[in-house]
Amino acid sequence: MSDAGLRFPTESTTSTARDVLADALRKADPVGARAVEQETNWRRHYLAHYLRAVEAGIGDAAAARRIAHDGLQSAQEQMRFGDGPLTAAIDSAPLAQMLKTTTVQGEGEPETELSVPYRGERLRGAALETQLDEWRDRGIITASCVEAVRNVMANPEWLRLEGDTVVVLGAGAEMGPLRALQRWGAETVAVDLPREDLQDRLVEQAREGAGRTHLPARIVTKSSADTGADLLVDLPAIAEWLDHLPGRLVLGTYCYADGAKHVLVSMAADALADHLLKERPDTGLSFLATPTDVYVVTEEEIRQAEAKYRRRSVTSAARTPLRVVSGGRLLQRHYAPGAEIGTCDALVPQQGPNYALAKRLQRWRATDAIAAGARVSLNVAPATRTRSVVKNKALAAAYAGAHRFGVEVFDPATSNVLMAALLVHDLRADLPASDEPWQDEHRGAAHGGLWTAAYHPRSALGLAAVLGVGALRS
């Protein structure tokens with residue numbers, strides 16, 4: 001009996017991740033590739049290798065694009081679908097399911113002005129302008145993020161995304177843009193698991209919106225819901241269904257799962273992206289980049305971090321003794337003083353190597369697609385109090401104490417609308433690709449303050465968690 005659906009090539013997710021990262025670096029950074037292959041404790045030391053995979057492309061756009069392309073190719077060739085490779089799944093695997101379309105017309109009136117929920121208020125107009133300036137001045141979002149949101153505010157007709165159909169993979173995800181797009185009257189496609197409670201919620205949400213929402217409907221129903229599809233099992237059917245949807249598609253990857261399954265759903269989404277870009281070249285792609293990864297930052301972020309380091313705070317008096325007691329591990333200076341460029345290494349070991357690989361695969365796809373001339377929206381989102389985060393006690397405590405270090409943790413409602421507005425901007429402003437991939441990732445970033453923090457994020461994480469425990473108990 002064959003294995004159904006998408007799976008790793010072996011039972012070891014660690015060996016797959018190591019092979020993928022080594023292959024990504026092999027041509028651009030052979031020494032880095034060998035270091036990955038010789039790593040004997042991947043779970044403990046993977047952070048350094050993911051950092052190197054970014055640093056190897058700084059100042060060398062060709063190397064950065066080579067890393068992205070080769071990493072994607074390795075992952076596609078290694079992953080299996082049923083009895084064959086993932087690369088052949090969409091074109092060659094038999095359809096175990098056929099999908100038709102169920103369309104729900106929203107009954108609401110479309111919102112014609114951008115407004116962002118924030119701390120119990122709905123910010124619009126001058127109030128939103130003021131908040132954007134305040135976030136920028138505190139180093140919570142980049143100046144280009146402020147400019148992008150203001151551009152959307154000045155062009156409210158963009159909100160409908162007329163002519164685009166946005167496919168939301170992981171339609172029920174807390175960080176996804178679906179609800180905002182529906183309120184704005186956009187044409188959307190909602191793809192998520194065929195679970196009755198989830199599908200009922202998606203249908204009700206679509207009715208409350210103002211646009212049209214299309215859902216995949218299962219012809220052969222073996223689940224509790226008539227609508228919905230499983231990316232890991234129904235991948236060929238989803239691809240065949242999307243091939244026949246009218247309009248210009250934007251494929252949005254917003255799906256999340258715990259552990260190794262997150263890598264699998266990211267690879268399934270990537271296979272769809274690869275397929276659609278070949279079959280429908282006008283397809284756009286959209287992603288949310290996690291703030292807890294490695295990014296290249298500019299002199300502006302470094303300058304803000306240095307100012308915070310010099311400023312007296314609740315931690316400044318204790319900084320030296322804490323560093324001595326911890327052997328230099330706590331409260332390390334974030335960047336070299338006066339540097340013109342740096343790396344913010346905000347990888348969090350509590351999230352694990354599978355999370356790091358899943359999110360890096362999405363960044364690689366964005367880089368590869370931009371190089372090929374595709375429309376791509378990839379924006380760094382702020383740390384957000386999603387269910388998947390707060391159920392991890394260590395991360396929940398760290399988030400509760402993060403404000404002590406100049407990091408703002410957003411509520412999901414705020415992040416959703418802010419990031420949806422950036423998606424609209426990217427699809428309508430028609431900005432040219434940057435000279436280097438890291439600059440595309442930097443543009444429009446809402447990093448929440450991690451890039452401008454006084455201390456290296458991991459050197460403050462434990463202390464933030466200690467300080468946050470009391471806040472969680474109160």
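Me: Glutamate 441 and arginine 363 bring their side chains together in a salt bridge; what is the N to O distance?
Reply: Heads-up, this is a predicted model: local features need pLDDT of at least 70, side-chain atom pairs count only at pLDDT 80 or more, and totals for chains, interfaces and linings use all residues. Residues are numbered from 1 along each chain as its sequence is written, and side-chain values use heavy atoms, with hydrogens and water left out. A salt bridge here needs a side-chain nitrogen of Lys or Arg within 4 Å of a carboxyl oxygen of Asp or Glu. For glutamate 441 and arginine 363, N to O comes out at 2.7 Å.

Me: How many residues apart in sequence are the parts that glutamate 441 and arginine 363 tie together?
Reply: Helices (H or I, at least four residues) and strands (E, at least two) are DSSP runs, numbered from the N terminus. Glutamate 441 is in helix α18 (residues 437–442), while arginine 363 is in helix α14 (residues 352–371), so the pair connects parts whose separation in sequence is 78 residues.

Me: Is glutamate 441 buried or exposed?
Reply: The cut-offs are under 20% relative accessible area for buried, over 50% for exposed and in between for partly exposed (1.4 Å probe, protein chains only). Arginine 363 is buried, and glutamate 441 is also buried.

Me: Which residue forms a salt bridge with aspartate 345?
Reply: The closest N and O atoms of that pair are 2.9 Å apart. It links distant parts of the chain, 113 residues apart: aspartate 345 sits in strand β13 (residues 341–345), and the partner sits in helix α19 (residues 457–473).

Me: How many salt bridges does a search of the whole structure find?
Reply: Some are linked in a network, made up of Glu129, Asp133, Arg136, Asp137 and Arg150. Searching the whole structure gives a total of 36.

Me: Over to strand β10 (residues 248–253): how many of its six residues are buried?
Reply: Strands pair if DSSP finds at least two bridges between them. β10 runs parallel to β7 (residues 164–169), with six bridges, and parallel to β11 (residues 284–289), with four. The rest of the structure largely encloses β10, because the number of its residues that are buried is five.

Me: What handedness does the β-α-β unit of β10, helix α11 (residues 260–279) and β11 have?
Reply: With the strands pointing away from the viewer, a clockwise path from the first strand over the helix to the second makes a crossover right-handed. Across the strands, threonine 253 stands opposite phenylalanine 287 in β11. The unit of β10, α11 and β11 is right-handed.
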